[in-house]
Amino acid sequence: MSLAWGLWEPPSTMTGHLDRHRLARADVSPLSVADGLRLFDHGSVAPDALLVPARFTTRRRELPRAAAAPTGDLATRLGPLTGAERARVLTDLIRTHAAAVLGHPGAEGLDDRPFKNLGFDSLTALELRNRVAAATGLRLPATVVFDHPSPARLATHLATLLTGATAVDPNTDRRAGAEAGGADIAIVAMACRYPGGVDSPEALWRLVAEGRDAITGFPTDRGWDLAALYHPDPRRTGTTYTRQGGFLHDAALFDPGFFGISPREAVAMDPQQRLFLELAWEAFERAGIDPTSARGSRTGVFTGLIPGGYATQAGAAPGDVEGYLGQGSAGSVASGRVAYTLGLEGPAVTIDTACSSSLVAMHLAIQSLRQGECDAALAGGVTVMATPGAFVEFSRQRGLAPDGRCKAFGADADGTAWAEGAGVLLLRRLADARRDGQPVLAVVRGSAVNSDGASNGLTAPNGLAQQRVIREALANARLTPADVDAVEAHGTGTTLGDPIEADAILATYGADRAEPLLLGSLKSNIGHAQAAAGVGGVIKMVLALRHGLLPRTLHADRPSPHVDWSAGAVRLLTEATPWPAGGRPRRAGVSSFGVSGTNAHVVVEEAPAGPPPPSPTGRCRRPGCSPATPRRRCAPRPPGCARSSTTPATCPRSGSRPPWRPAAPRSNTAPRSSPATRRCCGGASTRSPTAAPPPVSSDRTGPVATSPSSSPARARSGPGWAASWRPPSESSRGSGTRRCRCWTLTSCAPPTTRPWPAPGSRSRPCSRSRSPCAGSGSPAG
């Protein structure tokens with residue numbers, strides 16, 4: 001008689017070194033001494049020669065939909081075989097069909113290399129799926145060859161389905177939220193720039209709610225040779241077969257003087273650095289926080305950024321600019337510059353995981369908040385294309401939509417559409433935001449990040465990895481798939497990526513739900529904003545929660561025929577759909593999958609009911625006198641509204657402000673970046689970016705229009721696009737002058753329902769004649 005003992009609770013010489021936490025995660029539980037002795041007594045009288053006295057945790061697991069036990073000859077033949085024999089039979093079957101698809105006379109020359117290396121593409125992979133499905137009687141997804149990208153791995157998967165076994169995934173049951181205390185994270189402010197003239201979250205909502213298309217022609221102020229760049233033949237090198245995308249046509253606007261940056265350094269700064277810095281400032285303002293009061297705070301900066309090629313234009317740069325090019329073009333400095341400019345002392349990290357960068361940055365910010373590394377975090381991403389390289393590269397790969405539109409999950413999907421954008425979220429622990437009386441726009445319940453691993457090609461997505469990241473995010477959020485109402489998908493509009501993502505969503509969110517999951521993608525409106533895509537999806541869903549409406553997804557009236565939509569309860573948002581509050585909090589998932597192989601998923605929930613932020617009743621709502629400092633101010637501060645070292649931007653009629661104090665008392669009465677009188681419009685309502693600038697120090701290398709405002713108005717930063725380093729032409733902007741823009745409040749009355757820092761705000765041309773706040777309800781603009 002032999003007893004193969006499992007783990008005992010008392011450590012011994014043989015077991016003292018074992019990681020018991022790891023064993024517990026593997027469902028191995030130790031035996032107590034009493035249980036061990038009892039099992040010994042039982043084993044000593046049992047008729048069996050070999051027993052295993054051990055304790056294992058058993059769990060009920062659901063079989064995948066395709067795992068219904070087949071009744072064909074193959075299943076009968078595999079029944080009595082051992083695991084190794086089954087694997088050999090199935091591998092031979094797969095190789096035989098693979099050889100037939102590839103046109104080989106036999107399977108002898110096919111080894112266990114990935115299908116891609118054997119010569120498979122998306123079409124031949126689909127044919128192999130059809131042959132294997134017919135031979136096994138199994139219902140297999142169209143992307144099975146990409147999910148299991150070699151004959152041996154596909155054989156293992158088939159054996160699991162045919163025998164009714166369940167594959168064990170050690171990552172699925174991970175509970176990162178429990179390990180980190182499970183603190184919910186509040187989104188207290190948002191700021192963004194996206195195509196279609198979107199310069200605020202409110203403008204983004206108007207764009208998607210109205211179903212507008214923000215795709216335009218290529219920009220004309222970046223020195224691109226547009227005549228030579230386009231060619232309809234995808235095989236022609238150095239060209240692109242599309243003329244359109246989603247662009248920030250005012251990406252060169254920047255006010256370096258406001259941030260204390262010299263014109264020379266501003267010229268050398270990648271526009272992505274400039275834009276992220278401006279939005280970080282604005283995010284503080286929109287939370288009702290004076291950005292200067294955050295100096296010395298434990299605030300983290302997490303920036304998703306892909307190198308945009310700005311430094312490649314430096315060949316003709318003047319010698320006095322060269323000393324700034326290294327830092328100006330370094331991705332790592334994008335986060336460091338925000339931390340340096342605002343004096344933030346939390347983690348400062350720049351992440352490049354390609355298209356998933358902003359959601360990965362958000363995930364790391366959440367982990368940092370939960371672990372106590374920071375008390376607040378700026379998280380987001382930015383993409384500005386200084387060169388057309390991305391268009392040329394993807395044209396060679398046939399990955400672009402010729403008309404420049406992302407037709408996410410639509411039958412007409414024919415490629416992605418490159419776009420630009422930037423988005424920043426200000427995150428805090430929910431308890432801290434409530435304690436400090438800050439607005440809570442939504443709550444991030446959970447997030448997760450993983451990798452495709454050895455997928456069927458370096459850039460090919462993997463459906464199983466996408467399923468895992470969704471399940472891990474739900475586990476982190478302590479939710480089930482049925483607890484989520486909608487998903488803002490990655491949805492690039494490619495013929496390979498969309499079916500893989502749709503299958504992953506059907507397999508996770510589509511099962512066991514009473515109401516269908518609603519699926520959409522912001523990319524159908526603005527294109528693929530790359531490193532800023534994920535955060536744009538989060539902003540969209542937060543706004544959808546606020547307005548109780550899920551906007552429609554453009555170009556998806558006919559769902560893709562390459563997806564088996566009957567495999568789960570998922571419905572495309574082909575029309576705007578009401579999203580009313582119900583018996584439980586409304587929730588949405590947001591996905592981003594990078595070409596790097598890094599996947600991210602975030603679960604967002606509507607803000608819980610709680611005490612409102614301190615009422616601004618009696619607070620002067622005139623620009624220049626509000627804690628929500630307008631980023632483009634039109635008039636001097638009204639009399640009696642002065643800054644002090646402890647209550648910056650507080651009106652004398654208000655006795656409170658958001659409690660974000662500076663680390664040490666400092667004077668805020670001195671101007672921060674220019675002469676004492678900083679007025680947005682000065683003596684006129686228009687300004688010319690190409691006009692002669694006011695006198696400045698001798699380090700100026702070209703015309704730089706500086707807006708004399710007390711917040712960062714976006715003026716031309718001078719040279720920065722064309723290789724000649726001359727000021728860009730204004731021909732693409734329609735005229736040589738530009739209206740000064742500022743925040744204009746429509747009422748002096750305090751907000752009553754909307755939780756935004758500046759309810760009813762508009763971005764309008766401003767004028768000099770503005771009456772001060774005369775009383776509640778008196779118009780201020």
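Biologist: Is Gln-530 buried or exposed?
Modeller: This is a predicted model, so every value is computed from it. Gln-530 has a relative accessible area of 8%. The cut-off for buried is under 20%. Gln-530 is therefore buried.

Biologist: What is the phi of Gln-530?
Modeller: Gln-530 sits in the loop between helix H21 (523-526) and H22. Most residues other than glycine have a negative phi. Gln-530 is not a glycine, yet its phi is positive, near 60 degrees.

Biologist: Where does Asp-512 lie?
Modeller: Asp-512 also has a positive phi, near 55 degrees. Its relative accessibility is 60%, so Asp-512 counts as exposed. Asp-512 belongs to the loop between helix H20 (497-508) and strand E14 (517-520).

Biologist: How many helices and strands are in the protein?
Modeller: The protein has 781 residues, and 55% of them count as buried. Among contacts with a separation of 6 or more, 76% join residues 24 or more positions apart. The secondary structure comes to 22 helices and 23 strands.

Biologist: Which residues does Leu-427 touch?
Modeller: Leu-427 is one of the residues with the most contacts inside the largest core. Residues up to four places away in sequence are not counted. The partners are Ile-185, Ala-186, Ile-187, Met-362, Ala-365, Ile-366, Leu-369, Ala-376, Ala-377 and Ala-379.

Biologist: How many residues are in the second, separate core?
Modeller: Ala-191, Ala-334, Leu-344 and Val-384 are included in this second core.

Biologist: Why is H16 roughly perpendicular to H22?
Modeller: The axes of helix H16 (residues 357-370) and H22 come within 5 Å. They cross at roughly 70 degrees. Angles of 65 to 115 degrees count as roughly perpendicular. H16 and H22 are therefore roughly perpendicular because they cross at roughly 70 degrees.

Biologist: How many nonpolar residues has the contact of H16 with H22?
Modeller: H16 brings Ser-358, Leu-359 and Met-362, while H22 brings Ala-533, Gly-534, Val-535 and Val-538. The contact has no charged residues and 2 polar ones. The nonpolar residues number 5.

Biologist: At what angle do the axes of helix H10 and H22 cross?
Modeller: Pro-201, Leu-204 and Trp-205 of H10 meet H22 at Gly-536, Ile-539, Lys-540, Leu-543, Ala-544 and His-547. The axes of H10 (residues 201-209) and H22 come within 10 Å, and the crossing angle is roughly 80 degrees.

Biologist: Is the crossing of H4 and H6 left-handed or right-handed?
Modeller: The axes of helix H4 (residues 83-102) and helix H6 (residues 122-136) come within 10 Å and cross at roughly 135 degrees. H4 and H6 are therefore oblique to each other. The contact involves residues including Leu-93 and His-97 of H4, and Leu-128 and Arg-131 of H6. The crossing of H4 and H6 is right-handed.

Biologist: What separates the C-alpha atoms of Val-198 and Ile-526?
Modeller: Val-198 lies in the loop between strand E5 (185-193) and H10. Val-198 is buried, with a relative accessible area of 3%. Val-198 and Ile-526 are 328 residues apart along the chain. Their C-alpha atoms are separated by 10.0 Å.

Biologist: With which residues is Val-198 in contact, leaving aside its neighbours within four places in sequence?
Modeller: Contact means heavy atoms within 4.5 Å. By that cut-off, the partners of Val-198 are Cys-192, Arg-193, Ala-203, Leu-204 and Leu-207.

Biologist: What is the relative accessible area of Thr-598?
Modeller: Thr-598 lies in strand E19 (residues 598-606). Thr-598 touches residues including Thr-353, Val-360, Asn-450 and Phe-593. Thr-598 is buried, and its relative accessible area is 17%.

Terms used:
Residues are numbered from 1 along each chain as its sequence is written. This is a predicted model: local features need pLDDT of at least 70, side-chain atom pairs count only at pLDDT 80 or more; totals for chains, interfaces and linings use all residues. Side-chain values use heavy atoms; hydrogens and water are left out. Axes are lines fitted to C-alpha atoms, for helices over the stretch in contact, and angles run from 0 to 180 degrees between N-to-C directions. Helices (H or I, at least four residues) and strands (E, at least two) are DSSP runs, numbered from the N terminus. Angles under 35 degrees count as roughly parallel, over 145 as roughly antiparallel, 65 to 115 as roughly perpendicular and the rest as oblique. A crossing is left-handed if the near helix is turned anticlockwise from the far one by less than a right angle, and right-handed if clockwise. A nonpolar core is a set of buried Ala, Val, Leu, Ile, Met, Phe, Trp, Tyr and Cys residues joined through side-chain atoms within 4.5 Å. Buried means under 20% relative accessible area, exposed over 50%, partly exposed in between (1.4 Å probe, protein chains only). Ala, Val, Leu, Ile, Met, Phe, Trp, Tyr, Cys and Pro count as nonpolar, Asp, Glu, Lys and Arg as charged, and the others, Gly among them, as polar.
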